[in-house]
Amino acid sequence: MDVFEAIAARRSIKQFTDRPIEREELDRLLQAVVEAPNHRMTEPWRFYVLGPEARRAWGEALGARKAKRVEDPEAARAVVEKVGSTHEALPAMIAVATTLDDNPEIREEDYAAAMMGVQNLMLAALDLGLGTHLKTGAVMDDPRARAAVGVPEGERIVAIVHLGEPAAVPDARARRPATEVTTRVA
Ligand SMILES: Cc1cc2nc3c(=O)[nH]c(=O)nc-3n(C[C@H](O)[C@H](O)[C@H](O)COP(=O)(O)O)c2cc1C
């Protein structure tokens with residue numbers, strides 16, 4: 001698959017088949033991350049490949065956050081259980097973290113580099129017949145979620161990637177054409 005095809009075909013995939021993800025496939029995709037540009041060659045990315053227990057623990061941490069908005073305790077417990085089991089059932093889930101440089105300029109560059117790496121992974125996944133969904137949000141800083149991943153102090157989780165064979169591929173979401181948001185400057 002050429003790069004333009006992969007860019008056009010990529011979607012955020014929400015439903016996956018049961019097909020397991022091979023270790024070799026994951027290794028190839030993580031290698032695609034580390035080939036991303038990174039200023040000063042800081043190589044800021046760190047990967048956490050979560051097994052079923054860790055996925056459930058992450059899902060329960062996320063579910064507990066959602067459940068705060070649910071008044072009925074029984075319904076709140078059901079939310080935690082549902083989000084936990086949905087995450088456990090994912091074919092694969094990767095937490096991408098970055099190191100945290102003291103210099104804010106380098107921290108920002110490192111964040112950008114990590115996300116460029118994540119895009120590499122998402123495009124490369126298509127070549128393996130796999131789909132991805134990038135997730136972020138305040139849960140990434142939640143102590144319970146961080147504990148689920150086992151991320152140490154001094155690293156920040158910047159992306160969660162769900163990965164698997166797509167069971168359904170949504171239609172493309174319309175974008176404004178680039179020409180509409182482009183200014184040619186003499
Ligand atoms: C930085 C970033 C964070 C995202 N975080 C979430 C998220 O937390 N939850 C979610 O459902 N989708 C998330 N997405 C996916 C976007 O919602 C998705 O890319 C957008 O709806 C367009 O759909 P598409 O990816 O299928 O083209 C995120 C995307 C990016 C780039």
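How near do the axes of helix α3 and helix α4 come, and at what angle do they cross? Here are some friendly notes, starting with that pair.

1. A word on the model and numbering. This is a predicted model, in which local features need pLDDT of at least 70 and side-chain atom pairs count only at pLDDT 80 or more, while totals for chains, interfaces and linings use all residues. Residue numbers run from 1 along each chain as its sequence is written.

2. The helix pair. The axes of α3 (residues 52-67) and α4 (residues 73-88) come within 7 Å and cross at roughly 145°. Axes here are lines fitted to C-alpha atoms, for helices over the stretch in contact, with angles from 0 to 180 degrees between N-to-C directions. Helices (H or I, at least four residues) and strands (E, at least two) are DSSP runs numbered from the N terminus.

3. Among the residues involved are Trp 58, Leu 62 and Lys 66 of α3, and Val 79, Val 83 and His 87 of α4; contact means C-beta atoms, placed from the backbone, within 7 Å. By class, the α3 and α4 contact has nine nonpolar, five polar and six charged residues. In this scheme Ala, Val, Leu, Ile, Met, Phe, Trp, Tyr, Cys and Pro are nonpolar, Asp, Glu, Lys and Arg are charged, and the others, Gly among them, are polar.

4. The sheet. Four strands form an open sheet in the order β2-β3-β5-β4, with antiparallel pairing; two strands pair if DSSP finds at least two bridges between them. Strands β2 and β4 are the edges, each pairing on one side only. From one strand to the next, the twist averages 25°.

5. Strand β5 and its partners. With β3 (residues 92-99), β5 pairs over eight antiparallel bridges, and Thr 98 stands opposite Arg 156 of β5. With β4 (residues 131-135) there are five antiparallel bridges, and here His 133 faces His 162 of β5. Strand β5 (residues 155-164) is largely enclosed by the rest of the structure because eight of its 10 residues are buried. A residue is buried if 20 or more other C-beta atoms, placed from the backbone, lie within 10 Å of its own, exposed if 12 or fewer, and partly exposed in between.

6. Val 49 lies in β2 and counts as partly exposed, because it has 15 C-beta neighbours inside 10 Å. Leaving aside residues up to four places away in sequence, Val 49 touches Leu 26 and Ile 94.

7. Two backbone angles to look at. Most residues other than glycine have a negative phi. Phi of Arg 40 is near 65°, and phi of Met 41 is near 50°. Arg 40 lies in the loop between α2 (23-34) and β2 (45-50), and Met 41 is in the loop between α2 and β2 as well. Arg 40 is exposed, as 11 other C-beta atoms lie within 10 Å; Met 41 is exposed with 8.

8. The ligand shell. Arg 11, Ser 12, Leu 134, Lys 135, Thr 136, Gly 137 and Arg 173 surround the ligand (a residue is near a molecule if its C-beta atom, placed from the backbone, lies within 6 Å of it). By class, the shell has one nonpolar, three polar and three charged residues.

Note on methods:
Contact = placed C-beta atoms within 7 Å.
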